[in-house]
Amino acid sequence: MARVLTLVYRELCAAFSEKLRFFMRILVDVLYIVIGGVALQAMIGNRELFPGVNYIEYLVLGMIFHRIFADTMSETSISLFSDQRSGMLGLLLVTLEDPKYIIVGKFLSSAIIGIISGLMLLASLAIIMPCLLAKSNILALVTWIVFSSIIYTSFSMLLATIAVTPERLNLILNIFGNVVAFMSNVFYPLEYIPAIFWPVAYVNPMTYVVTLARFYILGVNELPWDSFSLIAIILIYTFVSIIISIKRIYKLIEETRL
Amino acid sequence: METAIKVEKLVKKYAQVIALKGISLEVQEGTIYGLLGPNGAGKTTTINILATLLKPSAGTAYIHGFNVVTQPKKARRLIDIVPQRLCLDLRLTGYKNIYFHGRLKGVPSSILRKRIDELAEALDMKRHLKRRVREYSGGMIRKIQIMQALVTRPKVLLLDEPTLTLDPVSRRIVWDLFRRLVLEEKTTIFMATHNTMEAEILCDKVGLLNCGLLVKEGAPNILKEQVGVGVLEIRVKEEYLNRVVSAISEYLGEKIARIRSTLYVFLDKEEYFEPLTAKIRDYCLEVIYRKVTLEEVFIKEVGRKIVG
């Protein structure tokens, strides 16, 4: 256990070695909310998007959970990609003796990175626009940030195992992350997405995580199912992702040579 | 003395090539074994199998009695490795890379810090340890990799071209550290290299690997004696190559190797030098005589044999 925690600490040190990159990402999100969000709210005539919920409140939750997804995905992909390319996965196997410790260490560190990102964005918004979060149950929000980080990490691990070449890594980091966000209800309600993309939005795990967060925190549910069904769908997604990603990471570790 | 590494009829086949064709060897505890061979001979494949990262197609290997295929976790507990590949996190400092490697191997923090300090002092890396690895030169990266393996004081240390990018002074320091580790800790070192001087100075026993076969094995001095006392390096004019070869072989028999149009003639006695040189001087660009080193053993076994 101590060695797994050492691996987690090592991964966190590496991920946060470029602090500026993290802060810039948070800053961009904050700017998007305080400029883009306010502008779009004004564009729809400052009306409520759902009863008792305006656009900025709606957007804030989407952005927080998008940030968690983007950061877990990018950090897991970069870490696994560079460890595989440099042979570090092989050295970690010699060092830790068992591949499962590597997988657990990578999973935990990725989830912690997601939690830190989510909390940092939440804290920044709480400082800049405290009225925005006035209606939110902060404890529920923090709890959901923790859960969503774990859920997103399982998807991120799966995506990371696909990013075995620089081209694929680039594809996942720059295109996939955006497509997942656009084809969900992160930035706008599902009903405004062109109907042709609804099937994609309905199989997109981000839609379910964001919808559940809004349901528990703002009382808004855009999907035609109750919260238990949504949780069940998310758990199935998470379980399947974990199983497939564990198998794929085992294979990656086995294929790494020094 | 216990056998630390035992390799039995090891075969490794890839899709296009057979990297190892049934090599067998044994390394005694507390000794240094050098696997010497040209590029693509199968050295790194052997290291990867011993490091439990590659499964052999046939045969097996043991680390202190633990089968690397069926008991990999027990084998891993005893080994550490200086790999040919980078295997460092470029985002972290040199210090953190070494520290985390040691901690992951279970070395207590206080001991680790002391060992890192000592090694950094010895390898002149103290002022560089707080810099990120991505800012390092090739030699510094190599030193960090070596320090990383040395802080864990393993029972068996696997080295793949350990001093490849080091300057001569650093190389001597590293050799000294390896020898001390063997003498003080009874560590067994298995080293793949194509640096013959490194093998000659450092190794108790050397194995010559060529095209996946162990063609020669023994202590460096014995291997040198088998080749002769001296070697003539003859740069022949292209058009006279055949004539020179037949002249030498008539005189000496099966003691010539060739790399391109340069011949290497292995002499049993130094007095052969004068008469042989007189015989071929007109057909050659240059004739140099030198004492036999492991390099000549290597050339004799690995260079293209034209006689014998």
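# Reading a two-chain predicted model

Me: How many of the residues of chain B count as buried?
Reply: Of the 308 residues of chain B, 44% count as buried. Keep in mind that this is a predicted model. A residue is called buried if 20 or more other C-beta atoms lie within 10 Å of its own. For chain A, buried residues make up 42% of its 258 residues.

Me: What do the chains span along their principal axes?
Reply: The C-alpha trace of chain B spans about 70 × 45 × 40 Å. That of chain A spans about 60 × 35 × 35 Å.

Me: How do I read a sheet, and which strands of the open sheet in chain B stand at the edges?
Reply: Begin with the strand order. One open sheet of four strands in chain B has the order β2-β1-β4-β5, with antiparallel pairing. Strands β2 (18-28) and β5 (66-67) of chain B stand at the edges; each has a single partner strand, so one side of each is left without a neighbour in the sheet. The partner of β5(B) is β4 (residues 58-63) of chain B, and two bridges pair them in the antiparallel sense. One residue pair to look for is I63(B) with its bridge partner F66(B) in β5(B).

Me: What lies across this sheet?
Reply: Helix α1 (residues 43-50) of chain B lies across β1 (3-13), β2 and β4 of chain B. The helix runs at about 120 degrees to β1(B).

Me: Which strands pair with β13(B)?
Reply: Follow the bridges on either side. Six bridges join β13 (residues 262-267) of chain B to the antiparallel strand β11 (residues 230-236) of chain B. Strand β12 (residues 256-259) of chain B also pairs with β13(B) in the antiparallel sense, over four bridges.

Me: Is helix α4 of chain A mostly covered or exposed?
Reply: Helix α4 (residues 88-96) of chain A is mostly covered, with nine of its nine residues buried. Among them are M88(A), G90(A) and T95(A). E97(A) follows α4(A) and has a positive phi, near 75 degrees.

Me: Where do the two chains touch, and how many residues are in contact?
Reply: Contacts join 26 residues of chain B to 22 residues of chain A. On chain B, α2 (72-78), β6 (79-82) and α3 (94-104) each supply at least two residues of the side that touches chain A. The most comes from α3(B), with five residues. By class, this side of chain B has twelve nonpolar, four polar and ten charged residues.

Terms used: Residues are numbered from 1 along each chain as its sequence is written. Chains are lettered from A and ligands numbered from 1 in the order in which they are written. This is a predicted model: local features need pLDDT of at least 70, side-chain atom pairs count only at pLDDT 80 or more; totals for chains, interfaces and linings use all residues. Two strands pair if DSSP finds at least two bridges between them. Two residues are in contact if their C-beta atoms, placed from the backbone, lie within 7 Å. Axes are lines fitted to C-alpha atoms, for helices over the stretch in contact, and angles run from 0 to 180 degrees between N-to-C directions. Ala, Val, Leu, Ile, Met, Phe, Trp, Tyr, Cys and Pro count as nonpolar, Asp, Glu, Lys and Arg as charged, and the others, Gly among them, as polar. A residue is buried if 20 or more other C-beta atoms lie within 10 Å of its own, exposed if 12 or fewer, and partly exposed in between; C-beta atoms are placed from the backbone.
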